[in-house]
Amino acid sequence: MQANVWNVVEEGFRPDNQVESESLFALANGHIGQRGTFAEYYSGDTCPVSRIAGVCYQESDCKDIKWLSVPNWNGINVRLNDEVLDLAVWTVESYKRVLNLYEGLLERSFKATSPKGWQVEVCVQQFMSMAEKEVGAFSYSVKSLNFGGRISFTPIIDANITSPNTGDNEQLWNMLQVKTQQNVSHLWAHARRMNYLFCGALTYVLYKNNEALRVNPTKIEKERVAGFWVGTDVKVGDTVCLHKYVAIIDSLSHSNDDLTDYACNLALDSQKKGWKKLLEENSSAWSTVWKQCDDAIDHSDINIEAQQKKLYEHFRNITRLECDK
């Protein structure tokens, strides 16, 4: 097969197509999944949704089964001094998004200029691990092209999720615990519509010019948000990169009594493995999956577009989050 048949590519930033693109570039591993929303803050049209397999509910006055949106573990807000990176208001000079079907890896790269004239190059990679179904990993890299000052990141898990079917902004989650320690943060919540518990934990490593930094983070323990605020000073040409590791645990798969400890330990274990090792394990697991699908793929088709469509359909079937009925 041609090498590019595995890559679904979006060239150029088109805000009017953002919500549609979020569906096209959604990531999942069969157990956890997210729409392809930006990790950084975005004030334009967007529809962030995170889900876990089997987490569904039924309205009392409706026969339809509905997905329950779980707390969003995608967020990594970025600042240059006091300016928040927001592609809805920054000038985007170049933009590319690629979904690598063979490795289940989503990559986004762009060059953008802030309202104050600061210019950066950004590369974001993320995956929901096929090897460790409760783990997700993110790599968020920012290179300064003309900026000197402080670049900071805010990796978070956010449970501010309201019901789309009511006009009163009803929150879907009751908070049981939001706690941030020196090296790991977690959010433990109970679903208001069902007897179901969620716990998400996150940790991180911050790099400057490929060297890991020891930083003293600001701990975030808001009512519905858990995480950190970390950063470093840079000069023109420096690159800062945050690796974020998340563990997504629920009461369908684990005892209620050990959700927080299990989630925190899994996040820390992922951090110890590191981005490279987790990505290697994920890629290897995906390679095995595709070998098992080989008989279902028509390699004789010389139409690249048709081949890619088939591969994409297989990718979605593989990563589909089943909803218990």
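Which residues lie nearest the centre of the largest pocket? The legends below start there, and they describe a predicted model.

**View 1. The largest pocket and its lining.** Pro48, Val49, Asn72, Asp158 and Asn160 lie nearest the centre of the largest pocket. They belong to a lining of 28 residues. Strand S6 (65-67) and strand S13 (149-158) are the elements that give two or more residues to this lining. The space inside comes to about 680 Å³. By class, the lining has 14 nonpolar, 11 polar and three charged residues.

**View 2. A stacked pair of rings, tyrosine 95 and phenylalanine 110.** The structure holds 16 aromatic pairs. In one of them, tyrosine 95 and phenylalanine 110 are 6.3 Å apart, centre to centre, with 25° between the planes. Tyrosine 95 sits in strand S9 (residues 91-100) and phenylalanine 110 in strand S10 (residues 105-113), so the pair ties together parts that are 15 residues apart in sequence. Both tyrosine 95 and phenylalanine 110 are buried.

**View 3. Tryptophan 286 stacked with phenylalanine 315.** The ring centres of tryptophan 286 and phenylalanine 315 are 5.2 Å apart. Their planes meet at 15°, so the pair counts as stacked, because the cut-off for stacking is under 30 degrees. Tryptophan 286 is in helix H2 and phenylalanine 315 in helix H3, 29 residues apart, and the pair links these distant parts of the chain. Tryptophan 286 has a relative accessible area of 0% and is therefore buried. Phenylalanine 315 is also at 0% relative accessibility, so it counts as buried. A cluster extends the picture: ring pairs link Trp6, Tyr102, Trp286, Trp290 and Phe315.

**View 4. A charge over a ring: lysine 244 and phenylalanine 138.** The charged end of lysine 244 sits over the ring of phenylalanine 138. It lies 5.4 Å from the centre of that ring.

**View 5. Threonine 260 in helix H2.** Helix H2 covers residues 259-292 and includes threonine 260. The relative accessible area of threonine 260 is 14%, so this residue is buried; the cut-off is under 20%. Its contacts, leaving aside neighbours within four places in sequence, are Gln177, His186, Trp188 and Cys199.

**View 6. Serine 270, another residue of helix H2.** Is serine 270 buried or exposed? Serine 270 counts as buried because its relative accessibility is 2%. Not counting residues up to four places away in sequence, serine 270 touches Val135, Tyr245 and Leu278. Valine 8 gives a sense of scale: serine 270 and valine 8 are 28 Å apart in space, C-alpha to C-alpha. In sequence, 262 residues separate serine 270 from valine 8.

Terms used
Residues are numbered from 1 along each chain as its sequence is written. This is a predicted model: local features need pLDDT of at least 70, side-chain atom pairs count only at pLDDT 80 or more; totals for chains, interfaces and linings use all residues. Side-chain values use heavy atoms; hydrogens and water are left out. Helices (H or I, at least four residues) and strands (E, at least two) are DSSP runs, numbered from the N terminus. Buried means under 20% relative accessible area, exposed over 50%, partly exposed in between (1.4 Å probe, protein chains only). Contact means heavy atoms within 4.5 Å. On a 1 Å grid over the protein atoms alone, a cavity is a set of points where a 1.4 Å probe fits but cannot get out, and a pocket is an open set with protein on both sides within 12 Å along at least five of seven lines; lining residues have an atom within 4 Å of a point. Grid points are joined across faces, edges and corners, and a volume is the space filled by probe spheres set on the points. Ala, Val, Leu, Ile, Met, Phe, Trp, Tyr, Cys and Pro count as nonpolar, Asp, Glu, Lys and Arg as charged, and the others, Gly among them, as polar. Rings of Phe, Tyr and Trp (its six-membered ring) pair if their centres lie within 6.5 Å; planes under 30 degrees apart count as stacked, over 60 as edge-to-face and the rest as tilted. A charge sits over a ring if NZ of Lys or CZ of Arg is within 6 Å of the ring centre and within 35 degrees of the ring normal.
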